[in-house]
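Reader: I am new to this structure and would like to go through it in short steps. Please show it to me before we start.

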Amino acid sequence: MPVANGRSGAPKGRGVQHKRAAADSQELLGLYRRMLLIRRFEEKTAEMYQRAKIGGYCHLNLGEEATCVGLAAGMQPNDYLFTNYREHGYALARGIEPERVMAELFGRETGVSHGRGGSMHLFDWDKRLLGGYAIVGGQLPLATGAGLAIQRKGQNDVVVCQMGDATTNIGAFHESINIAALWKLPVVYAIVNNGYGMGTSVAAGSSIEQLHEKACAYGIPGVEVDGNDVLAVRDAVREAVERARSEHIPTLMNIKSYRLKGHSVVDPDRYRPEDYLRQIRAADPIHALGEQLRKHGAIDTGGLDQIDAEIERQVDAAVEFADESPEPNPEKLFEFSYATEVPNQPASLPGQEPWQ
Ligand SMILES: Cc1ncc(C[n+]2csc(CCOP(=O)(O)OP(=O)(O)O)c2C)c(N)n1
């Protein structure tokens, strides 16, 4: 049973499955395009990794496209987004050009983080994407601090902090939400619950399986959403974001999503049962939305194929751009690392003499 929240009427802790509003077919087609862009971009990323064009760790949003696009669509352009390392899709959904995202994966100067970050550290101040964090839970205290800064400056913006399900077992999760609830910070904590933290299922890693119920401990609303339904995600995020903006109440969202492949591009994914994989493939959010558009006469099969061909060309162009872009100059390694100017002496800390 949802528990009514005295101040906002929102459910506290226990949460409800979110209902969604209607959208016109043009809007739906726009969301579909963006979801397909993420799918094709991520497939190409896997290919480029195998060709050794991309190095380091690399995690994909394959299967999570409706969640990425719905979450970004529920935010205003001036709101801030923090994510974990599985964030290519959020960068694209936020409107960052595929060229600049692919160039970052290639480690090139033209990338969103000037080639200093790579796959796990996408950052774009103009689009208010404040990173990509590799330490599980690392983004939560930072997002909470950003909420505090907004409050202190009397601004009207909201922070959305994305995380995975396993992150809800980390200390920083509890510390951050406690302080955000206590100080009434404008932060929405969005769990993208894809059922697994690496090879560990939610049931094997969390004392409770309904992760939005963890909101009970902090007296804030907890909301469960179908992450395969782009409109449900958009509407639930929008509602939580506006509650944070106007009532200063944080929300914990449990967005049930599915990753179609292993944890990272090098994970052979041998721990998930065949039955489960069959089910999640059958519920593919892009296929489902395409079918819905077709059945309602918004587009025909030829139109869908045309969109696909356009997006494939767009992704190919992103690869070409990345491939032709220059490598960063190693002498400028520290250029974007510190607020103050620091000489490039890897054997010292800022302001110190080089170590012997
Ligand atoms: C503090 C910390 N512990 C362990 C790791 C290793 N690690 C990387 S990803 C990951 C799983 C996190 O899963 P989840 O939060 O569900 O996010 P998802 O990968 O599903 O997006 C772990 C344990 C890490 N990066 N940081």
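**Helix packing, a buried serine and the ligand shell**

Author: The crossing of α1 and α11 is right-handed. This is a predicted model, and the remarks that follow are about that model.

Reader: How many helices and strands does the protein have?

Author: The helices and strands are numbered from the N terminus. The protein has eleven helices and eight strands.

Reader: What percentage of the residues of the protein count as buried?

Author: A residue is buried if 20 or more other C-beta atoms lie within 10 Å of its own. Of the 356 residues of the protein, the share that counts as buried is 47%.

Reader: Are α1 and α11 parallel, perpendicular or oblique?

Author: Two packed helices are described by the angle between their axes and the distance between the axes. Helix α1 covers residues 25-50 and helix α11 residues 301-324; their axes come within 9 Å and cross at roughly 45°. That angle makes α1 to α11 oblique.

Reader: Which residues of α11 make the contact with α1, and which class of residue has eight members there?

Author: On the α1 side the contact is made by R33, L36, L37, R40, F41, K44 and M48, and on the α11 side by I307, D308, I311, E312, Q314, V315 and V319. By class, the contact of α1 with α11 has five charged residues and one polar residue, and the eight are nonpolar.

Reader: How do α1 and α2 lie to each other, parallel, perpendicular or oblique?

Author: Helix α2 spans residues 65-73, and α1 and α2 pack with their axes 9 Å apart at an angle of about 130°. Their crossing is right-handed. α1 and α2 are therefore oblique.

Reader: Which residues make the contact of α1 with α2, and how many of them are polar?

Author: From α1 come L31, R34, M35, I38 and R39, and from α2 come E65, A66, C68, V69 and A73.

Reader: Is S257 buried or exposed?

Author: S257 is found in the loop between β8 (251-256) and α9 (274-282). S257 has 27 C-beta neighbours inside 10 Å, so S257 counts as buried.

Reader: Which residues does S257 touch, and how far in space is S257 from D226, C-alpha to C-alpha?

Author: Not counting residues up to four places away in sequence, S257 touches E64, T67, V192, N193, N194 and G227. S257 and D226 are 31 residues apart in sequence, and their C-alpha to C-alpha distance in space is 7.1 Å.

Reader: What is the phi of K184, and what is the phi of M198?

Author: Most residues other than glycine have a negative phi. K184, in the loop between α6 (171-182) and β4 (187-193), is not a glycine, yet its phi is positive, near 55°. M198 lies in the loop between β5 (196-197) and β6 (200-201). M198 is not a glycine either, and its positive phi is about 50°.

Reader: How many other C-beta atoms lie within 10 Å of K184, and how many of M198?

Author: K184 is partly exposed, with 15 other C-beta atoms within 10 Å. M198 is also partly exposed, and its number within 10 Å is 13.

Reader: Which residues come nearest to the ligand?

Author: By class, the shell around the ligand has six nonpolar, six polar and two charged residues. Of the 14 residues around the ligand, those that come nearest are V136, G164, A166, T167 and G197.

Methods. Residues numbered from 1 in each chain as written. Predicted model: local features only at pLDDT ≥ 70, side-chain atom pairs only at ≥ 80, totals over all residues. Near = placed C-beta within 6 Å. Nonpolar A, V, L, I, M, F, W, Y, C, P; charged D, E, K, R; others polar. Axes fitted to C-alpha atoms, helices over the stretch in contact; angles between N-to-C directions. Helix = DSSP H or I, 4+ residues; strand = E, 2+ residues; numbered from the N terminus. Parallel < 35°, antiparallel > 145°, perpendicular 65-115°, else oblique. Left-handed = near helix turned anticlockwise from the far one by under 90°. Contact = placed C-beta atoms within 7 Å. Buried ≥ 20, exposed ≤ 12 C-beta atoms within 10 Å, placed from the backbone.
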